[in-house]
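Q: Could you walk me through reading a few features of a protein model, one at a time?

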Amino acid sequence: MRTTGTPQEGGPVSSAESAVETIQREMTVFARRARASAGRIHPELSLVSYTLLGHLEESGGCRATDLAAHYALDKSTVSRQVAALERAGLIERRPDPEDHRVQVLRLTGAGQEILAQVTRRRRAAFRERLAQWPEEDLVRFAAYLERYNAGAADLGPG
């Protein structure tokens with residue numbers, strides 16, 4: 001086993017451990033940049049709001065409790081986001097056709113428009129940032145991200 005550096009505990013660090021530390025640090029930087037850039041891409045849409053709208057589009061609509069469960073968010077967090085999105089006219093509640101006691105959240109026409117606009121801007125920003133990467137690196141990076149997210153567990157704060 002190759003070792004590099006020394007951890008805070010005082011022993012040697014393997015290359016794998018060092019790589020995991022680097023991955024954690026870089027993923028944190030990535031998340032911070034994503035949150036910071038969300039406001040620049042669309043001032044009314046936080047990163048969480050954008051993510052929730054995207055899920056509603058992909059799923060064709062769902063309950064607020066489904067959103068909370070899917071993203072491992074507190075129900076009160078989702079409730080605040082949903083209320084803000086409703087006030088902005090981006091989503092609406094409709095009775096579930098299979099169970100009229102349940103309210104399903106769906107994108108409005110304005111929500112679909114804003115989501116498409118933000119998605120175009122985000123894709124353009126990614127394309128610009130990755131423009132100099134060789135195609136094989138892009139394909140490999142995409143596969144690694146898919147693999148990482150397929151095993152998504154709540155990693156919690158750093």
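Q: Is Arg-93 buried, partly exposed or exposed, and what is its relative accessible area?

A: This is a predicted model, by the way. The general idea: under 20% relative accessible area is buried, and over 50% is exposed. Arg-93 has 42%, so it is partly exposed.

Q: Which residue forms a salt bridge with Arg-93?

A: For a salt bridge, you look for a side-chain nitrogen of Lys or Arg within 4 Å of a carboxyl oxygen of Asp or Glu. Here Glu-86 is the partner, with the closest N and O atoms 2.9 Å apart. Glu-86 has 28% relative accessibility, so it counts as partly exposed too.

Q: How many salt bridges does the structure hold?

A: Six. Among them is Arg-101 with Asp-99, where the closest N and O atoms are 2.9 Å apart. Arg-101 is exposed because its relative accessibility is 74%, whereas Asp-99, at 22%, counts as partly exposed. Another one is Arg-25 with Glu-26, at 3.6 Å between the closest N and O atoms. Arg-25 is partly exposed at 44%, and so is Glu-26 at 41%.

Q: What about aromatic rings: how many pairs come up in the count?

A: A ring pair is described by the distance of the centres and the angle of the planes. The count here is one aromatic pair. Trp-133 and Phe-141 have ring centres 5.4 Å apart and planes at 50°, so this pair is tilted.

Q: Where is Trp-133 found, and which nonpolar surface patch does it belong to?

A: Trp-133 lies in the loop between helix H5 (109-130) and helix H6 (135-150). Its patch also takes in Leu-138, Phe-141 and Leu-145, and together the four have about 320 Å² of accessible area. Trp-133 is partly exposed at 37%, and Phe-141 is partly exposed at 36%.

Q: And the inside: which residues of the largest nonpolar core touch the most other members?

A: In soluble globular proteins, nonpolar side chains tend to be buried together. This core has 18 residues, and Leu-45, Leu-53, Leu-56, Leu-67 and Ile-91 touch the most other members. Helix H2 (47-59), H3, H4, strand S4 (103-107) and H5 each supply at least two residues. H2 gives the largest share, four residues.

Q: Last one, backbone angles: what is phi of Ala-72 near?

A: Most residues other than glycine have a negative phi. Ala-72 has a positive one, near 50°. You'll find Ala-72 in the loop between helix H3 (64-71) and helix H4 (75-87), and at 58% relative accessibility it counts as exposed.

Terms used: Residues numbered from 1 in each chain as written. Predicted model: local features only at pLDDT ≥ 70, side-chain atom pairs only at ≥ 80, totals over all residues. Heavy atoms only, no water. Phe/Tyr/Trp six-rings, centres within 6.5 Å; stacked < 30°, edge-to-face > 60°. Buried < 20%, exposed > 50% of the residue type's maximum accessible area, 1.4 Å probe, protein only. Patch = residues over 30% accessible without salt bridge, like charges linked within 9 Å, V, L, I, M, F, W, Y side chains within 5 Å. Areas by Shrake-Rupley, 256 points an atom, 1.4 Å probe, with all protein chains shown as cover. Core = buried A, V, L, I, M, F, W, Y, C linked by side-chain atoms within 4.5 Å.
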